[in-house]
Amino acid sequence: MKKKFNLYCGLLIAAIVFGIGISMFQTGYYMYTGGKAGIELAKSDRAMNAKRDPFWAFKMVNKMVPVEMMRKNPLDAPTDSIVNLKTGEKMPIQTSVGIVQTKDSGKRMMILSGIGHFNWLFIVVFFVAFIKFVIGVNKGRLFEKSMETQLTWGGWAVFGMYILGWVTVLINHIMNVQTFEFEEYSQVILQTPDTALLYSAFGMLLMGQIFKIGRTMKEEQELTI
């Protein structure tokens, strides 16, 4: 029984790590392509004896703002286009998600990165609580208050991740609305935090209450005996 429990716990951790790994891979790939382009540009500058601000790339990235939008009239013919290199055809395109490069993004990146640090704190709390829970089960401490505590901490940590996801989305959207107004597009929210986090959070909190009920019933049986 414990072997199956440990197997499922291992699979859960593997799934979480896999999800985080995908995000890290995407970020790493973006950094790799950006770094590669930067090296080529540096070689070109050196060949032409051109001087450039050493922090120009960081400043450029800091001015990039993610924007989600939808055509005000989706039936209108698209005014944007993209070239399909396989056929050479210039194809109409409607933008839904884009990166706008502003002259000054203000303190946006500082705020969003600060929220990201809090999110990592919740991730650490979740893993600590989860590992303690697994250790407790393997040691047979099923009906101890500490088990309820670990499930509660884990549940609230996951709920915190979900809430921070919404905070990030809403802050970025509000700042975009205050900064931009596009002629043919309305700004909308298309990408939202994964609701699986919400289900997991309430599931862990519910399990904590089930463990509490089980502990209470065990204590009542012991008093009766």
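**Entry 1: helix α5**

I began with a length check on helix α5, residues 195-224: at 1.5 Å a residue, its 30 residues should span 44 Å, and the end C-alpha atoms are 44 Å apart, which agrees. I am keeping in mind that this is a predicted model.

Next I looked at the start of α5, where a side-chain oxygen of aspartate 194 comes to within 3.0 Å of the backbone nitrogen of alanine 196.

Which residues of α5 are buried? I noted Leu198, Ala201, Met204, Leu205, Gly208, Phe211, Gly214 and Arg215. I then asked what the buried residues of α5 pack against. They pack against α3 (108-138) and α4 (145-179).

**Entry 2: the cores**

I turned to the largest nonpolar core, which has 15 residues. Phe126, Phe133 and Val158 are the ones with the most contacts inside it. Two or more residues of this core come from each of α3, α4 and α5, and the largest share, seven residues, is from α3.

Setting aside its neighbours within four places in sequence, I find valine 158 in contact with Phe126, Leu197, Ser200, Ala201 and Met204.

**Entry 3**

My next stop was an open sheet of three strands, in the order β4-β1-β5 with antiparallel pairing. β4 (97-101) and β5 (185-187) stand at the edges with a single partner strand each, so one side of each has no neighbour in the sheet. From one strand to the next, the twist averages 55 degrees.

How many bridges join β1 to β4? I count five between strand β1 (residues 64-71) and β4, and the two run antiparallel. I wrote down two of the pairs: methionine 64 has glutamine 101 of β4 as its bridge partner, and valine 65 has valine 100 of β4.

I also looked for what lies against the sheet. α4 packs on the sheet and touches β1 and β5, and its direction makes about 80 degrees with that of β1.

Last, I sorted the two faces of β4. Side chains in a regular strand alternate between the two faces of the sheet. In β4, Gly98 and Val100 make up the covered face, while Val97, Ile99 and Gln101 make up the uncovered one.

How values were computed. Residues are numbered from 1 along each chain as its sequence is written. This is a predicted model: local features need pLDDT of at least 70, side-chain atom pairs count only at pLDDT 80 or more; totals for chains, interfaces and linings use all residues. Side-chain values use heavy atoms; hydrogens and water are left out. Helices (H or I, at least four residues) and strands (E, at least two) are DSSP runs, numbered from the N terminus. The expected span of a helix is 1.5 Å times one less than its number of residues. Buried means under 20% relative accessible area, exposed over 50%, partly exposed in between (1.4 Å probe, protein chains only). Contact means heavy atoms within 4.5 Å. A polar contact is a pair of N or O atoms within 3.5 Å; within protein, one must be able to donate a hydrogen and the other to accept it, and residues adjacent in sequence count only if both atoms are side-chain atoms. A nonpolar core is a set of buried Ala, Val, Leu, Ile, Met, Phe, Trp, Tyr and Cys residues joined through side-chain atoms within 4.5 Å. Two strands pair if DSSP finds at least two bridges between them. Axes are lines fitted to C-alpha atoms, for helices over the stretch in contact, and angles run from 0 to 180 degrees between N-to-C directions.
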